[in-house]
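Here are my notes on the model you sent, in numbered points.

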Amino acid sequence: MATEGNLQAPTRHAIDWKNPDFYNEEAALHEMERIFDICHGCRRCVSLCGAFPTLFDLVDESKTGEVDGVDKKDYMKVVDQCYMCDLCYMTKCPYVPPHEFNLDFPHTMLRAKAIKFKKGEVGAGERFLSSTDVHGQFAGIPIVVQVANAVNKTRPARAVMQKVLGVDKNAWLPDLATKKFRSGAPEAPPHAVKDGAKTPGKVVIYSTCYINYNEPGIGHDLLKVLDHNEVPYVLVEKEKCCGMPKLELGDLPSVNASKEANIPVLVKYAKEGYAILSAVPSCTLMFKQELPLMYPDDAEVQLVKAHMWDPFEYLMARKRDGLLKTEFPTPLGKISYQIPCHGRVQNIGKKTEEMLKMVPGTSVHTHERCSGHAGTFGVKVPYHQQAMKIGKPLFKAMASHKDGGLPDVISSDCPLGGHHIAQGFEVNSLGAPPQKHPLTLIRTAYGLK
């Protein structure tokens, strides 16, 4: 019996990307037409991103006013707007499995992106932008880093990057770190392993490209918080990009290459009983969701999934085990905090908010709207201004703290999203409160230097 909407929790089907029919363009277009017709009849997701307004405009401007009036050549206009935040699937759509309509918008868009990539229709600039390990290799090299960072801030260099790489000259870009996180991280003091009912008592850190190459301070703050709570830690012996930037591009062979490099290393730690922590939500989600869906029968991928944690998910579980220190001598004031999309869809709850609210003299105003940055989407020429537009309601909301006036600090678990929000404050003349990662705030609250 058909039901309107869905009252059950969403379930996910495996991504059948190794099946040759996955790349059958005619079959993919047929599935997109089916899904677009359902979306057109619902329109609940219109406010999430540019994909849905683009689709609905195409339908409304067609001769029939229905999906059958839209030229299939225009379907890619919808696909290109999807940055796979997954919010439509996890928070909005009433027709996801187990509903009989079996609607999976993000992974249908992934299929279309994979076909586009396989046809050679993705430019060199986009491929380079998604190759985080390639442009990160210059981090930590004396003089080279300083020169690269200085040059990247000049107008001529940004004009060249816009022309060659498609990077909008006005988009915020991160600096390269003068010292990589992995080469500068101190060894953990010899704390005893204290397993809890909910948590392993030892941690291994998967650095992520961004923290290793661009903002190592976030990683050091995590290590200080773990050390303060007497949790022994090590860094993953070696690591490669998680593959999320390549997934968003539809470059599934490169995703596979990252998986083949990372999983054999990570699974050793999982078998030894470590909690694996990743401080970038997109990277955590890659191991918790996307790779397990791409490799549903790979026991090692599934084991890594079971041992992968968001840092605040782990810390709050340690609290429930009675193993987290809860004395915070330094108040943090008024915080406007954004839960990033790839944090929300992990189904872990508001763990960062929970911990920040434990700090005396701290008022947390939490926001659950997309910043618009979405990985490389927010820096590309065709989409940067749109990314700022998508994020504008969030920027304005974060600028008005629930306790009145500007917040003392703005924060997001997504480092790139946090800087995008800060740029949104500047562009929209909303004030200039400092932007700090939640791990930095907790380190400060603990009074750690």
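1. Charge. The chain carries 54 positive and 51 negative side chains, and the centres of the two sets lie 5 Å apart. Please keep in mind that this is a predicted model.

2. Overall form. The chain holds 22 helices and 7 strands. Its radius of gyration is 22 Å, close to the 22 Å that the globule rule gives for 449 residues, so the chain is as compact as a globular protein of that length. Along the principal axes, the C-alpha trace spans about 65 × 50 × 45 Å.

3. Packing and surface. Of the 449 residues in the chain, 55% are buried. Among contacts between residues at least 6 apart in sequence, 80% join residues at least 24 apart. The accessible surface of the chain comes to about 19,600 Å², and carbon and sulfur atoms account for 53% of that surface.

4. Cysteines. The count of disulfides is 0. Cys209 is in no disulfide, and the nearest cysteine sulfur, that of Cys241, is 4.0 Å away. With a relative accessible area of 9%, Cys341 is buried.

5. A cis peptide bond. Most residues other than glycine have a negative phi, and most peptide bonds are trans. The bond from Pro97 to Pro98 is cis, with omega near 15°. Pro98 sits in the loop between helix H4 (87-92) and helix H5 (105-118).

6. Positive phi at Glu230. Phi of Glu230 is near 60°, a positive value in a residue other than glycine. Where in the chain is Glu230 found? The residue belongs to the loop between helix H12 (216-228) and strand E2 (233-235). Its relative accessible area is 30%, which means Glu230 is partly exposed.

7. Positive phi at Ser429. Ser429 is a residue other than glycine with a positive phi, near 50°. Ser429 lies in the loop between helix H21 (415-427) and helix H22 (438-445). Is Ser429 buried or exposed? At 68% relative accessibility, Ser429 counts as exposed.

8. Lys288. This lysine is placed in helix H15 (residues 281-294). Lys288 has 13% relative accessibility and so counts as buried. Which residues is Lys288 in contact with, leaving aside its neighbours within four places in sequence? They are Lys305, Met308, Trp309, Asp310, Glu313, Gln346 and Ile348. When you look at Lys288 in the viewer, Asp310 and Glu313 are among the contacts to display.

9. Gly322. Gly322 is in the loop between helix H17 (311-320) and strand E5 (333-338). At 61% relative accessibility, Gly322 counts as exposed.

Note on methods. Residues numbered from 1 in each chain as written. Predicted model: local features only at pLDDT ≥ 70, side-chain atom pairs only at ≥ 80, totals over all residues. Heavy atoms only, no water. Helix = DSSP H or I, 4+ residues; strand = E, 2+ residues; numbered from the N terminus. Rg over C-alpha atoms; globule rule 2.2 N^0.38 Å. Buried < 20%, exposed > 50% of the residue type's maximum accessible area, 1.4 Å probe, protein only. Contact = heavy atoms within 4.5 Å. Areas by Shrake-Rupley, 256 points an atom, 1.4 Å probe, with all protein chains shown as cover. Lys, Arg positive; Asp, Glu negative; His and termini not counted. Charge placed at Lys NZ, Arg CZ, Asp CG, Glu CD. Disulfide = S-S within 2.5 Å.
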